[in-house]
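Hi everyone, thanks for coming. Let me put the structure up on the screen, and then I'll walk you through it step by step.

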Amino acid sequence: MKTKIDFSKIAELTKPAYEKEFKRLSKAAFTQANSEDTAVTFYVKRQHKFACGAEGPLMLIAKLDAKWKKQAKEDLKGDKKMIMIAKAFVKEGENGATLEVSPMKGNAPLAKIAKEAKAMLKKAKLTLSEFTASAASAELTDAAETAEEQPQTEETTATEEPAATAPEAATTVDPQLEKKKAKAREVMAKMLENLQKIESKLQK
């Protein structure tokens with residue numbers, strides 16, 4: 001569930017074009033991001049200047065690519081009250097559908113976002129509600145971001161580890177430490193496997 005908005009062409013984005021994309025992503029979220037396990041990124045910039053001259057909130061409910069993630073990091077260096085990076089999914093109920101939001105970074109108040117984006121949310125038939133992400137979900141999210149931002153980390157560790165541990169082997173090897181390292185590698189392998197499954201689901 002990716003956005004069609006190319007960040008490299010963000011300066012050309014008009015508000016009508018953006019609102020059309022937001023409506024598409026919102027509709028897709030009803031089937032592709034409808035549980036905590038399938039939650040995607042909720043990126044909000046409360047005041048964005050569009051190419052047509054209009055100003056207003058820019059929100060994305062999607063799996064962000066590297067360019068958008070880089071921009072989100074840059075945004076967080078400014079006024080954090082204007083930015084929110086969260087995990088979100090759609091929850092349908094008797095009283096309608098809500099976009100369940102679990103803030104991760106930024107300090108933009110959810111109530112103000114709901115007020116400023118009221119018209120768009122109404123068209124998408126959504127209201128905003130905050131939820132607390134489970135510990136497992138938070139850990140997987142952190143691991144996923146780290147893996148995506150540093151794709152070579154695992155390979156680098158694998159090639160550098162022998163050189164780092166060689167001096168220890170020449171002196172004293174702690175059996176307990178080796179067991180802990182092996183266990184850590186097993187846990188990481190399992191997490192990466194789960195992440196690949198989540199990635200596969202999100203791309204369908």
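Let's begin on the surface, where Lys-23, Lys-27, Lys-123 and Lys-125 gather in a patch of positive charge. A patch here is built from residues with over 30% relative accessible area and no salt bridge, with like charges joined within 9 Å and nonpolar side chains (Val, Leu, Ile, Met, Phe, Trp, Tyr) within 5 Å. Lys and Arg count as positive and Asp and Glu as negative, while His and the chain ends are not counted. Each charge is placed at NZ of Lys, CZ of Arg, CG of Asp or CD of Glu.

Before we go further, a word on where this comes from. This is a predicted model, in which local features need pLDDT of at least 70 and side-chain atom pairs count only at pLDDT 80 or more, while totals for chains, interfaces and linings use all residues. Residues are numbered from 1 along each chain as its sequence is written, and side-chain values use heavy atoms, with hydrogens and water left out.

Now the overall layout. The chain has seven helices and five strands, where helices (H or I, at least four residues) and strands (E, at least two) are DSSP runs numbered from the N terminus. Follow the sequence along and you read α-β-β-α-β-β-α-α-β-α-α-α. There are 204 residues in the chain, and 35% of them are buried. Buried means under 20% relative accessible area, exposed means over 50%, and partly exposed is in between, with a 1.4 Å probe and protein chains only. The accessible surface of the chain comes to about 12,900 Å², and 54% of that belongs to carbon and sulfur atoms. Those areas come from the Shrake-Rupley method with a 1.4 Å probe, and for residues only the protein chains shown count as cover.

Lys-23 sits in helix 1, which covers residues 15–32, and Lys-23 counts as exposed because its relative accessibility is 55%. Lys-125 is in the loop between helix 4 (118–123) and strand 5 (126–130). With 66% relative accessibility, Lys-125 is exposed too. What about the phi of Lys-125? That angle is positive, about 60°, although Lys-125 is not a glycine. For background, most residues other than glycine have a negative phi.

Next, how many salt bridges does the structure hold? There are three, a salt bridge being a side-chain nitrogen of Lys or Arg within 4 Å of a carboxyl oxygen of Asp or Glu.

One of them joins Arg-24 to Glu-21, with the closest N and O atoms 2.8 Å apart. Both residues lie in helix 1, three residues apart, about one turn of the helix. Arg-24 is partly exposed at 31% relative accessible area, whereas Glu-21 is buried at 7%. Setting aside residues up to four places away in sequence, Glu-21 touches Lys-2, Thr-3, Lys-4 and Ile-5; contact means heavy atoms within 4.5 Å.

Another salt bridge links Arg-46 and Glu-116, and here the closest N and O atoms are 2.7 Å apart. Arg-46 is in strand 1 (residues 40–49) and Glu-116 in helix 3 (residues 110–116), so this pair ties together parts that are 70 residues apart in sequence. Arg-46 is buried at 10% relative accessible area, and Glu-116 is partly exposed at 34%.

There is also a salt bridge between the side chains of Glu-74 and Lys-77, at 3.2 Å from N to O. Glu-74 is partly exposed at 41%, while Lys-77 is exposed at 65%.

Let's finish inside. Ile-61 belongs to strand 2 (residues 55–62). Is Ile-61 buried or exposed? It is buried, because its relative accessibility is 1%. Beyond neighbours within four places in sequence, Ile-61 is in contact with several residues, including Met-1, Phe-22, Leu-25, Val-40 and Leu-99. Ile-61 and Arg-24 are 37 residues apart in sequence, and their C-alpha atoms are 9.7 Å apart in space.

Ala-72, in helix 2 (residues 66–76), is buried as well, at 7% relative accessible area. Not counting residues up to four places away, Ala-72 touches Tyr-43 and Ile-85.
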